Amino acid sequence: MATRHVASGRSAVLRAAENYVKWDPNVTTRSAVSKLLDCSTNLDGDLASPGSLELKSMFTGRLKFGTAGLRAPFGPGYNCMNELTVLQTAQGLLSYLKEDVANNVKEKGVVIGYDHRCSSGFTDYDLSSKQFAMVSAAVFASQNVPVYLFPDLVATPLVPFATTRAGAACGIMVTASHNPKEDTGYKLYWGNGAQIISPHDANISRHILENLEPWGRECEGWGGDFGDAVQRVSRPTGEFAGEYFERLRTSLCSDFEGNEGKEPNITYTAMHGVGHAFTKRSFEAFGLSPFVSVSEQQEPDPKFSTVAFPNPEEGEGALKLAMEQADRVGSRVILANDPDADRLAVCEKVGGGWRLFTGNEIGNVLGHWMFKKAAKGREDDKRPIAMLASTVSSKFLSSVAAKEGFLFEETLTGFKWMGNRSEELRKQGYNVVFAYEEAIGYCCGDVVKDKDGVSAAAIVAEMVVKLRQEGKTIADYLLELKETYGFYVAKNSYVKFLDEQVLEDIFGELRNGGDYLQTINGVEVASVRDLTLGLDSSTEGKKSTLPADPSSQFVMFTMENGAVVSLRTSGTEPKLKYYVEAVGKSEAEGGDVAEALVEGVLNDIIKVKCRGYQLTLPP
């Protein structure tokens, strides 16, 4: 995510602002900075009120390219997403790609897609994801690199699919996923179709800083018209969508003929994003009857007019319209994509109300469903089965793997790790059928190496049809799995602080100079895994089997009673996320253990009542 590389000194701010005005191709952001410069410098050329504070916030440091690419608000300056920061990012990326001779970017080209986000209507700037995609494409075109530029809005999973299908050197998706309307982002896939991991991020960041000035006339003074430059080297993208949906039908659909004519009785919302057209086609690829769409949220709307936050994880606040529509038409299940359609939320009518399943619950159900499908096809595919999950996700699938005899592995948090690890396992001869993270991200099969809410929606819908034929619901299926493999109960949440220093204090106290916390609310700690430092007290040599990530804070405690408590920072804001999971002989038993540990996390570790810092708890 976006962190900041800090510059210092007034002269550095002024030079950065003056270069911005000189280089920025967008008249609206360029003019805004120019006006601030005019009213913020004195006769000696030094910064002065009233606009100097704004200039300092814009040009003291800049966005840093990380493994998640860039994500920040629309706006002028080097700490926001605008045409110049995107242009500089594209130049740095291309410079790095050209250095990698084996990647052969001038032959392979790049894939570029974008979502519907734009800044008009709530800012004074004319900025959009589409324009950022065009800027990026033009940078590559200026160096005669072929560009596969999607001509219209696209769901995120289509970009990694197209990257591998075209054999491209990399893929770029301009999106901020489920962030607020003020944001957009720049997500990067390597040639293998997985999100980048280190050292690519550090190398790209270095090349960006070495290529800040626009290259030649092609990158200066475009005035927002990039079409001619792109057209010279563009390659067609029309076949990618059809091939993607055909792959869904042939590799992920279990019973196309059996699905035909079956009504899944599902209400669907695209959450004002790009997902409707793509998820509609995924249902068609599975032979399923259409879903009922929430019309108020069906079309792409960059203002996300009906929701405070366009994130289906938010629950009833984001899904209120979907629940009302489902009640009107008698749907028993609600599916919701996030705005770029790489995540999926699932609700089911239970009794008189709606149950929003957690990401872990749907991950457990989908994982078992994909295992059954793979086990049934063992005659045609004899490769050993494997699954992956992030280390903060439920341990439930490890129990399934132990009983059913397949490989289950954990990775660091994020699909960048699961996508790359899945490729490694496939090279070793494994059939990686499923990977997921608790934040409602699921990857079924090998169509893409990233989370995919489009394919997951069709698979869940097919599951609903099959379960209904057996007189069962998703909740029934989940209960059956728990009765077979264990009652794993997770309690995940976060605490947001107004002072970042509190995070350093908390993790410093947890580590205590190497003498880690011994108990949480009276329960003894059995082992500690510190992925910031690469330590695991349960292994020989006390070295973690997962790679260390010094850029983020992460500590996991395995308790004597088998429960797991994990704490990590968010990377984008002063927020501490905690994950508690316990297993019991019943839902109540597991829940009691988990609740007691959550109480310990809040009172013994975070110390919400006495630490003395301002903080906010989620509703």
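Residues are numbered from 1 along each chain as its sequence is written, and side-chain values use heavy atoms, with hydrogens and water left out. Because the model is predicted, local features need pLDDT of at least 70 and side-chain atom pairs count only at pLDDT 80 or more, while totals for chains, interfaces and linings use all residues.

**Cores**

A nonpolar core is a set of buried Ala, Val, Leu, Ile, Met, Phe, Trp, Tyr and Cys residues joined through side-chain atoms within 4.5 Å. Buried means under 20% relative accessible area, exposed over 50%, and partly exposed in between, with a 1.4 Å probe and protein chains only. The largest nonpolar core has 91 residues. Tyr244, Phe286, Leu335, Val346, Leu366, Phe434 and Tyr442 have the most contacts inside it. Helix α17 (residues 453-469) gives the most to this core, namely 11 residues. Another core, of 53 residues, lies apart from it and includes Phe59 and Leu188.

**Strands**

Helices (H or I, at least four residues) and strands (E, at least two) are DSSP runs, numbered from the N terminus. Two strands pair if DSSP finds at least two bridges between them. Strands of a sheet pair through backbone hydrogen bonds, either parallel or antiparallel.

An open sheet of 5 strands has mixed pairing and the order β3-β7-β6-β4-β5. Its edge strands, β3 (70-73) and β5 (147-149), each pair on one side only. Within the sheet order, β4 (residues 110-114) and β6 (residues 170-174) are parallel and share 5 bridges; Gly113 has Met173 in β6 as its bridge partner.

Strands β11 (residues 344-350) and β12 (residues 353-356) run antiparallel and are joined by 4 bridges. Lys349 stands opposite Trp354 in β12. The hairpin of these strands has 2 residues between them, and Gly351 takes a positive phi near 65° there.

**Two helices**

The expected span of a helix is 1.5 Å times one less than its number of residues. Helix α10 (residues 238-252) has 15 residues and reaches 22 Å from its first C-alpha to its last, close to the expected 21 Å. Its buried residues are Phe240, Ala241, Tyr244, Phe245, Leu248 and Leu252. They cover an arc of only 125° around the axis, which puts them on the same side of α10; the arc is that of the directions from the helix axis to the C-beta atoms. The exposed residues Gly238 and Glu239 are on the face turned away from the buried side of α10.

After α18 comes Gly486, with a positive phi near 125°.

Most residues other than glycine have a negative phi, and most peptide bonds are trans.

Met271 lies in the loop between β8 (266-269) and α12 (275-285), and Ala341 in the loop between β10 (333-337) and β11. The peptide bond from Ser198 to Pro199 is cis, with omega near 10°. Pro199 belongs to the loop between β7 (183-190) and α8 (200-210).
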